[in-house]
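Biologist: I have a model open and would like to learn how to read it. Could we go through it feature by feature?

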Amino acid sequence: MTADIAAILAIDGIATGAVYALVAIGTVLIFTVTRVIFIPFGDIAAFTALTLAALDAKQLPGTVGLVVVLACMACLMEVVSLARAGELRAVPKAILGYLVLPLIVVGIVWLTMRFNPPMPVRIVLALLLIMPISPLLDRIVFRPIADASVLLLLTVSVALHFALVGLGLLFFGPEGVRTEPLTSMALEIAGVHVSGQTILILTAALVFSGLLLLFFDFTLLGKALRATAFNRTGARLMGIRPARAGTIAYLLGSLMAGVSGILIAPVNTIFYDSGFLLGLKAFVGAIVGGMTSYPGAALGAFGVGILESFASFQSSTLKDVIVFSLLIPILLWRSLASHHSEEEVEE
Amino acid sequence: MTQMFSIENVSVAYGKVEAVRNVSLSVEQGQIVTVIGPNGAGKTTLLMAAIGLLKSTGRMIFQGTDLAKIDVEGRVERGLCLVPEKRELFADMSVADNLLLGTYSLRDRSMTRKSLDDVFDRFPRLKERAKQAAGTLSGGERQMLALGRALMAKPKLLVLDEPSLGLAPLIVREIFRTIASLRSLGVSVLLVEQNARAALETADYGYVLETGEIIQSGPAETLIHDPKLIAAYLGGH
């Protein structure tokens, strides 16, 4: 391997790593606030790509159907549980939040599509359409078992991923898509060719993680999310509802996953089931950060990206094996390095 | 005087074991009421039920509203705030952020700046450490922060669980002075304490809880001179 090739591989790896980093940060966000390891996160990214492709082709994306079905289910569940608790006064608000709001998003997409919107608008529409999915899934699947152990939540999360892949096939069909390139610009940095797409990916990763940081540091809502992650009981005593905090975490996480889906769509062909590997590799990155540290997760994700890039040069068939084998030493190191007692883990 | 908070025949059970049995008590507007009793009497359990973290039977009325269907967050929004025994601070966040989170339950946050200044006036130590992580504070400072954070929520009734637990005598005095000064703010206080003498010196009215039941109650003035109580909790004199 020459220095030139190494540089190209490194840049490629950093770009891939930036995409993983977005998903990894979202994974950590959702895990710390809700204790759910949200495996279907990669699927959300893939669905965003498929949504954007459908919008590019001037078709109504399958996401519309998915959102409508999920919104009806979530709304029904919420209304039934409110009725059982005898709190009928809260029903209109529940219908507004779980049914009307998602339907408004669908309506906006449906209306805007008729005017052949330009690329940036289509990207915004795809993101808008994808954002309600995980909060709705949260209401349908995770809210009823919110107090369960992390292990049970993870098991359900894995099952949910398989259900979503099935739904993906139903709503998007089996065809793979590749969206229009976002930019055709290219740069020469120190004799190495860097594509505009790479620069865009890096910029987007930096901008969105920066925005998340600002949100956490400077808004009360952001602080409330961090507070819920640190100390659930303490947060409740401040009047912060964990379910509400969870919804916001899912919305923000979906945005991160959606952005990553849009960034990879022009460079990789995306199928309804392409999200799994993306989500899993981001998960490996998040584990490097102990599932709780944002910088740790981002660093881990970049590490995974670079390793994958070099591994695929050495042996493209074994690249996933190499990446996932990385988990073993990391888990060993983490379990030796951490000093958590049994009681702390229980919390 | 109008009634702020009343508990009527409340029982709390952990499985089949009843930790609190048929307890009734009430707090009037602007009053400091204390519940004293030994370790394991069910004091903390009673407070956890009052804030809604534990399920209970019986009735609880806060400012004329039945609390049965109101969750913890709803109670906090109505001005019923608990400072728990464990403080439940956000250890990794700064002192200032902990205080700001106290305002989360308020609809109108236009007074946040002023509330923050008030808390810093009350506890100058917190101002010095405003940017420090809450987890690095000493025990006394943590209790001040927990109190200050609760005050940021502009509570109508402040429920304090063992505020003097594990603190040095000098700090205990400071904390009780602060509690007494809440009267002038119009905040009612329900204070649970093992330090019976300090609690009764501060309070207007007192209840004695033993093995889950109220065995005695009366004005704090009377209780503090009760020979039986002196023998049991007040250590002679």
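**Reading the model, one feature at a time**

Modeller: We can start with one residue. B:Asn22 has 14 C-beta neighbours inside 10 Å, so it counts as partly exposed. Keep in mind throughout that this is a predicted model.

Biologist: Where is B:Asn22 placed, and which residues is it in contact with, leaving aside its neighbours within four places in sequence?

Modeller: B:Asn22 belongs to strand 2 of chain B. Apart from neighbours within four places in sequence, its contacts are B:Asn9, B:Ser11 and B:Glu213. Its backbone deserves a look too: phi is positive, about 50°, although B:Asn22 is not a glycine. As for distance, B:Tyr233 is 211 residues away along the chain, and the two C-alpha atoms are separated by 23 Å.

Biologist: Which other residue of chain B has a positive phi of about 50° although it is not a glycine?

Modeller: B:Lys154 has one. B:Lys154 sits in the loop between helix 6 (139-152) and strand 7 (157-161) of chain B. It counts as partly exposed because it has 17 C-beta neighbours inside 10 Å.

Biologist: Back to strand 2. How do I read the sheet?

Modeller: Strands of a sheet pair through backbone hydrogen bonds, and the pairing is either parallel or antiparallel. Here chain B has an open sheet of 4 strands in the order 2-1-4-5, with antiparallel pairing. Strand 2 (17-28) and strand 5 (65-66) of chain B are the edge strands, each pairing on one side only. Strand 2 of chain B pairs with strand 1 (residues 3-14) of chain B over 8 bridges, in the antiparallel sense. To find your place on screen, look for B:Val12, which stands opposite B:Val20 in strand 2 of chain B.

Biologist: Now a helix. How far should the 16 residues of helix 2 of chain A span?

Modeller: At 1.5 Å a residue, helix 2 of chain A should span 22 Å, and its end C-alpha atoms are 23 Å apart, which agrees. Helix 2 of chain A is also mostly covered, with 15 of its 16 residues buried. After the helix comes A:Lys58, whose phi is positive, near 60°.

Biologist: Is A:Ala53 buried or exposed?

Modeller: A:Ala53 counts as buried because it has 22 C-beta neighbours inside 10 Å. This residue is found in helix 2 (residues 41-56) of chain A. Leaving aside neighbours within four places in sequence, A:Ala53 is in contact with A:Val177, A:Thr179 and A:Ala265. A:Arg122 is 69 residues from A:Ala53 in sequence, and the two are 9.4 Å apart in space, C-alpha to C-alpha.

Biologist: Which residues have the most contacts inside the largest nonpolar core?

Modeller: They are A:Ala24, A:Ala49 and B:Val159, in a core of 180 residues. Helix 1 (residues 3-34) of chain A provides the largest share of this core, 15 residues. In chain B, domain 1 (1-79 + 155-237) and domain 2 (89-154) both give residues to the core, so it lies between them.

Biologist: How do the two domains of chain B touch?

Modeller: The C-alpha centres of domain 1 and domain 2 of chain B lie 23 Å apart. In the contact, 12 residues of domain 1 of chain B meet 9 residues of domain 2 of chain B. On the domain 1 side, helix 2 (72-77) and helix 7 (169-181) of chain B each supply at least two residues. Helix 7 of chain B gives the most to that side, with 3 residues. By class, the domain 1 side has 8 nonpolar, 3 polar and 1 charged.

Biologist: And how do I read the contact between the chains?

Modeller: The size of an interface is often given as the accessible area lost when the parts come together. Here we can count residues instead: 17 from chain A and 19 from chain B. Helix 9 (220-230) and helix 10 (232-237) of chain A each supply at least two residues of the side of chain A that touches chain B. Helix 9 of chain A gives the most to that side, with 6 residues. The side of chain A that touches chain B divides into 7 nonpolar, 5 polar and 5 charged residues.

Technical notes: Residues are numbered from 1 along each chain as its sequence is written. Chains are lettered from A and ligands numbered from 1 in the order in which they are written. This is a predicted model: local features need pLDDT of at least 70, side-chain atom pairs count only at pLDDT 80 or more; totals for chains, interfaces and linings use all residues. A nonpolar core is a set of buried Ala, Val, Leu, Ile, Met, Phe, Trp, Tyr and Cys residues joined through C-beta atoms within 7 Å. A residue is buried if 20 or more other C-beta atoms lie within 10 Å of its own, exposed if 12 or fewer, and partly exposed in between; C-beta atoms are placed from the backbone. Domain bounds come from an automatic or database domain assignment. Two residues are in contact if their C-beta atoms, placed from the backbone, lie within 7 Å. Ala, Val, Leu, Ile, Met, Phe, Trp, Tyr, Cys and Pro count as nonpolar, Asp, Glu, Lys and Arg as charged, and the others, Gly among them, as polar. Two strands pair if DSSP finds at least two bridges between them. The expected span of a helix is 1.5 Å times one less than its number of residues.
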